[in-house]
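Please keep the sequence and the 3D view open as you read.

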Amino acid sequence: MTGPSTAARSGRPAGTSLIDLVLPELAIAVLAGAMAWLSLWSWRGLIEEPERVIDPAFAATFLVVAVGVLGRTLRIVWFATFAAQVVVVLLWFHHHFAIGGAVGGWVPTPSSTSNLASQVRHGAATVDKYRSPVLAAHTDAVVYLVAASLLVLLAVDLIACGLRRAPWSGIPVLIAMSIPISVLDTRLSPVVFVGVALLFVVLLAAVETDRVLDWGQTVTGRRSRPGETERILDRTSVSGRAFRIGVVTAAAALVLPVLVPVADGFLNRDHGKRGGSGHTSRVTLTNPLVTMQRDLVRHDHEVLLYAKTDAPDPTYVKTTVLDKFNGEAWYPSARDLPVSNRATGRLPDPAGIDFTTRGITSSWSMQLSESFSTSWLPVPYSTRTIQIDSGDWRYAEPTLDIADAGGHASLGTVSYQLTALAPQYAADDLDAANPAPESIQGPMTALPKDLPAEVRTIARQVTASGTTPYAKAVLLQNWFRTGGGFTYSLAQQDGDGEAELLRFITTDKSGFCEQFAAAMAVMARSLGIPARVAVGFLQPEPSDAGIYNYTYTSDDLHAWPEIYLRGSGWVRFEPTPSIRTGPAPPWTQQQVASPPTTQTPTAQPSIARPRPTPGVATDQPVATSSHSNRWTSAPAIVAGLLVLLLLAAGPRLLRSSQRRRRLRPDDDAVVEHAWDELRATAIDLGVPWPEGRSAREIGAVLVRQASALPDDVRLLERFVELLERARYAEEFSLDDDSRAHVVATVERWTDLLTAAVSRQSARMAQVLPRSLWDRKRPVGAEPPSSTMTEVS
């Protein structure tokens, strides 16, 4: 026998070039890196200039892939390769973002490291403080998001390439894509979803291709006939088939949901049956406040809606109403949209409005612009009749806002024509309104139990002179507009939810329409007055765009409160200062002719109003949405979930990686390593493995434990013979058939030993493999002195 060949000593099979080893590793690493990096594109809405995060993440992806491929090509153990990746990426991250203190710009020092850690902490606070998208001027937020992206990139490469568990690599990708969805309340980009899904399936195919090629020749299930050319697997044939399978699978995953009636995309929905007029589709739709704030800050003046109308006052076109408050934000409740509620022809009258209501009737012709993606249809209040040219639009009761029945945002233009009645209220009638019915009073005054007591206290103080719901509402409105020292500003403020609400009405007193509308509605509810928040467009601009004489832009987006007053329905109030809105509604400026006689104060507001000091409108707004604080600890969330995942799956992953290393056919010590693997399997399963005995004696014990056939025993006998030769022969080498025999024997006897124990023991061996930490403890009783052949 001759010694090992040069190829064998170098760690690769004979006839295998270095390029043959590098290319498979490179392909898998590139697929994993591309998948992880593409998933980060779902973070674009988190910051104003997303390329400041995406571009550094691409550079980090290159480093992770390069170091990983190098380490795995050199056969370095996975944890050492992963450690090298972490060190290289952190050095790059430090060089790229640390401000001063590093030696030569690369070698970290305590001061530079402390500076970088401080940036990450401050970035976390910034992302928590401000509503998305965070302005690009906040560079700490960029550092924070890049740090989070590094966690995703390293986790995907470790799982897919280091541990060779490609299916599990989708978990950190899903985490990365799910966090911004929950923060922004927007759909996942179809391009990102399709790209990540396709890369994931092709990655699975590539990993399985590499695993199949480790087996050597194909398994045909029959012996070759004499004279028949033996079919040998090659990477081109296998990878070609695997790629085609991957593409077909990804395409099927994308196409089939479209063909299935219940699959309605990326929205969170409760599906009802379709068809009859009594059947209902219950839809949860997007909160328009999330995008309104971003559009106001950007001030890009993008046209969203065209209108032609003879209405003398085309202001306050309503998109929807937000009738739920959870302590952090106002949001729309789920809407029931039965087929019978299709928005066509005559619509129901809103509560408090009927044919006797005084008002001005007008005709409207409206069209959504191509750049306006909305699941709500903007209409003036109150719409009497409507005809929509396209789509399945339905009105919800009792809010009477009009939404797409599928919950989908409109794509492209939607044209519609309607007639509307603009109610003309009288202060005397509003002031004399009777209490609201219980069906409205209960749900429309609901507030969280932990609402700060100061909110109710301030509301009572402000409205102390009012004796009716109308009078109190006017006093609240005027307090925000003129008497309370508030200013209109898009500048950012600290905090979110109830804490920010309290600061807004006590100390900060600076905000934009959302803060004013939300605060007044909460304070009204705290006084037992039914209130909600409406969202839509404030005031259009004259236009000569074809047949339309008005355009509503992103700068016209607005929010205002509505108060329910029996006999008049939902009445609009305007607490936002006049610098933004102009005069308050006329019915809130009228003198009440007959004030209540029980108290002398009246709800009469001052008509001559001081002009509020303009606020700073160049920064971004405070994060008051219920979704703002969900990103507070995004890297911590990602890291925590990954740690839990690794803790739960780590032992199994480590054991699987260990098994693959031991059973590599190109390993010169494959016989000894395979024997170690068989021993580890026995320990994991609790099968007796007598330490300190000969291989033949141990084999006899295994035969007694398993229901082995004669062919299985012969497999084990030959394996033991090869082991003895490898241990005791002066010269020993293995041909390819012997290597394949060793691997096949271990795999077969793993199955036999697993079948010989209970299901619980088999499952426990997978979840908590004892061999990882109990490598030397003897298991079981002393073996008999018989040989394998005698036992068989």
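## Inside the model

Strand S4 gives the most to the lining of the largest cavity, with three residues. This is a predicted model, in which local features need pLDDT of at least 70, side-chain atom pairs count only at pLDDT 80 or more, and totals for chains, interfaces and linings use all residues. Residues are numbered from 1 along each chain as its sequence is written, and side-chain values use heavy atoms, with hydrogens and water left out.

Strand S4 covers residues 317-322, and strand S11 covers 379-380; each supplies at least two residues of that lining. (Strands are DSSP runs of E with at least two residues, helices are runs of H or I with at least four, and both are numbered from the N terminus.) A cavity here is a set of points on a 1 Å grid over the protein atoms alone where a 1.4 Å probe fits but cannot get out, and lining residues have an atom within 4 Å of a point.

The largest cavity has a volume of about 180 Å³, where volume is the space filled by probe spheres set on the points, with grid points joined across faces, edges and corners. It is lined by 15 residues, and those closest to its centre are Val379, Tyr381, Thr383, Thr399 and Leu400. By class, nine lining residues are nonpolar, four are polar and two are charged. In this scheme Ala, Val, Leu, Ile, Met, Phe, Trp, Tyr, Cys and Pro count as nonpolar, Asp, Glu, Lys and Arg as charged, and the others, Gly among them, as polar. The structure holds seven cavities of 30 Å³ or more.

## Salt bridges

How many salt bridges does the count come to? The count is 21, taking a salt bridge as a side-chain nitrogen of Lys or Arg within 4 Å of a carboxyl oxygen of Asp or Glu.

| Pair | N to O distance |
|---|---|
| Arg346 and Asp349 | 3.2 Å |
| Arg394 and Asp392 | 2.8 Å |
| Arg696 and Glu724 | 3.1 Å |

Arg346 is partly exposed, at 47%, and Asp349 is partly exposed, at 30%. Arg696 is partly exposed, at 36%, and Glu724 is partly exposed, at 23%.

Elsewhere, Arg655, Arg659, Arg662, Glu677 and Asp684 are linked in a network of salt bridges.

## The whole chain

The protein chain has 24 helices and 22 strands. Buried residues make up 51% of its 792 residues. Among contacts (heavy atoms within 4.5 Å) with a separation of 6 or more, 77% are between residues 24 or more positions apart.

The chain averages a pLDDT of 77, and 72% of the residues score at least 70; pLDDT is the predictor's confidence in each residue, from 0 to 100. Over residues 595-633 the pLDDT is below 50, and this stretch has 117 contacts in the model beyond near neighbours in sequence. The pLDDT is also below 50 over residues 775-787, a stretch with 28 contacts beyond near neighbours in sequence.

How values were computed: 1 Å grid on protein atoms, 1.4 Å probe; cavity = no way out; pocket = protein on both sides within 12 Å on 5 of 7 lines; lining within 4 Å. Buried < 20%, exposed > 50% of the residue type's maximum accessible area, 1.4 Å probe, protein only.
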